[in-house]
Amino acid sequence: MKSLTIIIVLITGAVLFYGTVDMPDWGDPNSPASRHVSPRYITQTVAETETPNIVTSLLADYRGYDTLGETTVIFGAGMVCILILRSARKREE
Amino acid sequence: MIHNSTDVIIKTVARIFIPFIQLYALYVIMHGHYSPGGGFQGGVILGASLILLLITHGERVAMQRISENWITILFSLGVLIYAGIGTLCLFFGGNFLDYGVLAPLLHVSPAAARSLGILGVEIGVGIAVMSVMVSIFYNIARSGPYRNKGTTARRES
């Protein structure tokens, strides 16, 4: 069973590595990601959001929904810690 | 149980540094528009200052400053601010988290309203991250098999 698991992991890893061959080079200006929305973000950030820091305007405005998810993840982590640890503490006391 | 430290150097250094750490954290949150930073980083620094207070001055002093119930309320409040600003945009006829439509409410241009909306959600993120850090630290420090070992170890040494 263990050897089967290792074989599956190795095959999956090999497929994933094979998949990276087709990916564009690091920072390639002609890659789809650099041609589609990035130019608009870079040129229009100050005009649209009055925020000189592109990272902030991307994080909280253009991709605000993602950041809401991130905050919810942190909220969930805190809530789980309270649910598990505080109830354990109450039981001990 | 985290006790009040008996070391005067540690307590004095912490007492001097905590206000500056908190000031820097607020700077990082508010200055996220112009420099690296924002809600997550500033919130973590703010949480670190409260954790420093907790480990140097002990639980009792720290919990007088900010109680466990308040921390729990605050980290719900942070997410509520974020989602609330997003929902407010829905009421003004925009999409969720589309801050531009808040311009009539804030009496500024749509672009400036986006800037203020970003600031609002960053503050929400900062509050949430700060209180979650403190809450996790506090809960982990208080529970577990070594919870009450601090007193005996201190007496022995």
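This is a predicted model: local features need pLDDT of at least 70, side-chain atom pairs count only at pLDDT 80 or more; totals for chains, interfaces and linings use all residues.

**Helix α4 of chain A**

I began with helix α4 of chain A, residues 54-62, and looked for its buried residues: they are A:Thr56, A:Ser57, A:Ala60, A:Asp61 and A:Tyr62. They span an arc of only 155° around the axis, so they sit on the same side of α4(A). A reminder to myself: an α-helix has 3.6 residues a turn, so residues three or four places apart point the same way.

Next I asked myself: what do the buried residues of α4(A) pack against? In chain A they pack against α3 (38-49) and α5 (64-92), and in chain B against α3 and α5. I also checked the start of α4(A), where a side-chain oxygen of A:Asn53 comes to within 3.2 Å of the backbone nitrogen of A:Val55.

**Salt bridges**

I followed A:Asp61 from the helix first. Its side chain meets that of B:Arg114 in a salt bridge, at 2.7 Å from N to O. This pair crosses between chains, with A:Asp61 in helix α4 of chain A and B:Arg114 in helix α5 of chain B. Are A:Asp61 and B:Arg114 buried or exposed? I found both of them buried.

B:Arg114 has a salt bridge with B:Asp98 as well, and there the closest N and O atoms are 2.5 Å apart. That pair links distant parts of the chain: B:Arg114 is in helix α5 of chain B, while B:Asp98 is in the loop between α3 and α4 of chain B, 16 residues apart. B:Asp98 is buried, as is B:Arg114.

I then turned to a pair within chain A, where A:Glu48 forms a salt bridge with A:Arg40 and the closest N and O atoms are 2.7 Å apart. A:Glu48 counts as partly exposed because its relative accessible area is 23%. A:Arg40 is partly exposed too, at 46%.

I looked up B:Val121 in helix α5 of chain B. With a relative accessible area of 1%, B:Val121 is buried. Leaving out residues up to four places away in sequence, B:Val121 touches A:Ala60, B:Tyr82, B:Ile85 and B:Tyr99. I also noted that 9.8 Å separates the C-alpha atoms of B:Val121 and B:Gly38, which are 83 residues apart along the chain.

B:Thr72 was my next stop, in helix α3 of chain B. B:Thr72 counts as buried because its relative accessibility is 18%. Which residues does B:Thr72 touch, not counting those up to four places away in sequence? I wrote down A:Ile82 and A:Arg86.

**A nonpolar patch on chain B**

B:Leu88, B:Phe91, B:Phe92, B:Leu105, B:Leu106, B:Val108 and B:Leu116 make a nonpolar patch of about 610 Å². Helices α3 (68-91) and α4 (103-106) of chain B each give the patch at least two residues. I located B:Val108 in the loop between α4 and α5 (110-142) of chain B. B:Val108 counts as partly exposed because its relative accessibility is 32%.

How values were computed
Residues are numbered from 1 along each chain as its sequence is written. Chains are lettered from A and ligands numbered from 1 in the order in which they are written. Side-chain values use heavy atoms; hydrogens and water are left out. Patches are made of residues with over 30% relative accessible area and no salt bridge: like charges are joined within 9 Å, nonpolar side chains (Val, Leu, Ile, Met, Phe, Trp, Tyr) within 5 Å. Accessible areas come from the Shrake-Rupley method with a 1.4 Å probe; for residues, only the protein chains shown count as cover. A salt bridge is a side-chain nitrogen of Lys or Arg within 4 Å of a carboxyl oxygen of Asp or Glu. Helices (H or I, at least four residues) and strands (E, at least two) are DSSP runs, numbered from the N terminus. Buried means under 20% relative accessible area, exposed over 50%, partly exposed in between (1.4 Å probe, protein chains only). The arc is that of the directions from the helix axis to the C-beta atoms. Contact means heavy atoms within 4.5 Å. A polar contact is a pair of N or O atoms within 3.5 Å; within protein, one must be able to donate a hydrogen and the other to accept it, and residues adjacent in sequence count only if both atoms are side-chain atoms.
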